[in-house]
Amino acid sequence: MVCFNFMLKQTYSKRWAVAVTTIACALFVGNMWPYAIEQSKTQIADWLSNTELMLDTSVILSIEVCIQMAFCMLAVHMMTGGIAKPATLWAYRILRWFPGILIFPVLFSMLVALIFAFPGKSFSTVAWVMAAAVFVLIPLGTIGLRKLLPEKELRLELLFITNAMTAILGVVATVNGRTAVNGISEVNWAALAGIIVLIIGGTAIGLVLRRFKMNRLYKQK
């Protein structure tokens, strides 16, 4: 899912941006073999069974998913909202150029698995062969997705949905069937009252700000 989201996001980038991202990923794979050979299946299994580490991983995954979803919503706003403010335009450009960070741990895990799959082979050779494959597959995959899904709106909708699925599956997979907080059977009335006050207060502030904005637009016209 992470690889598919990464490739789908590249379809919105310029050719030079795809080239820079491709080179960065290929160099990362080719130069990470000294660290990949230090890993062991036992150590990886210990990491996967570490609940606290998996919860931290789910937080990182959730942050990236939120960033990608923000790009989707900003892209829709740019398509349908008419003239955008400079701050909105810069935020859209930054999010469009952001390729994601989860692709790097995924590539590292793939490199470790590939080294385990070819025992006795030169570690650096295996790493650079995979780097060459990454160097070819990323631009080809980007072009293929653009040909397969030529409509930008359809790709944008698919990117939003797949990121939502990644968030759900990632959280389910990383918590290992455990919860971070134990439930309680009693209602905290003070906390509930505080939430209600925040909701009512936020709604009132939003209505006032909207009324003020509408009056200002009416006076300008």
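Here is a short chat about some helices and one glutamine in this predicted model.

User: Before we start, what are the ground rules here?

Analyst: It's a predicted model, where local features need pLDDT of at least 70, side-chain atom pairs count only at pLDDT 80 or more, and totals for chains, interfaces and linings use all residues. Residues are numbered from 1 along each chain as its sequence is written, and side-chain values use heavy atoms, with hydrogens and water left out.

User: Why is Gln10 called buried?

Analyst: Buried means under 20% relative accessible area, exposed over 50%, partly exposed in between (1.4 Å probe, protein chains only). Gln10 has 1%, so it counts as buried. This residue sits in helix α1, helices being DSSP runs of H or I with at least four residues, numbered from the N terminus.

User: What is Gln10 in contact with, leaving aside neighbours within four places in sequence?

Analyst: Val18, Thr21, Pro99, Thr142 and Arg146; contact means heavy atoms within 4.5 Å.

User: What makes α7 and α8 oblique to each other?

Analyst: Their axes cross at roughly 135 degrees. Axes are lines fitted to C-alpha atoms, for helices over the stretch in contact, with angles from 0 to 180 degrees between N-to-C directions. Under 35 degrees is roughly parallel, over 145 roughly antiparallel, 65 to 115 roughly perpendicular, and the rest oblique. So α7 and α8 come out oblique.

User: Which residues of α7 meet α8 there?

Analyst: Leu107, Met110, Leu111, Leu114 and Ile115 of α7 meet Phe123, Val126, Ala127, Met130 and Val134 of α8.

How values were computed. Helix = DSSP H or I, 4+ residues; strand = E, 2+ residues; numbered from the N terminus.
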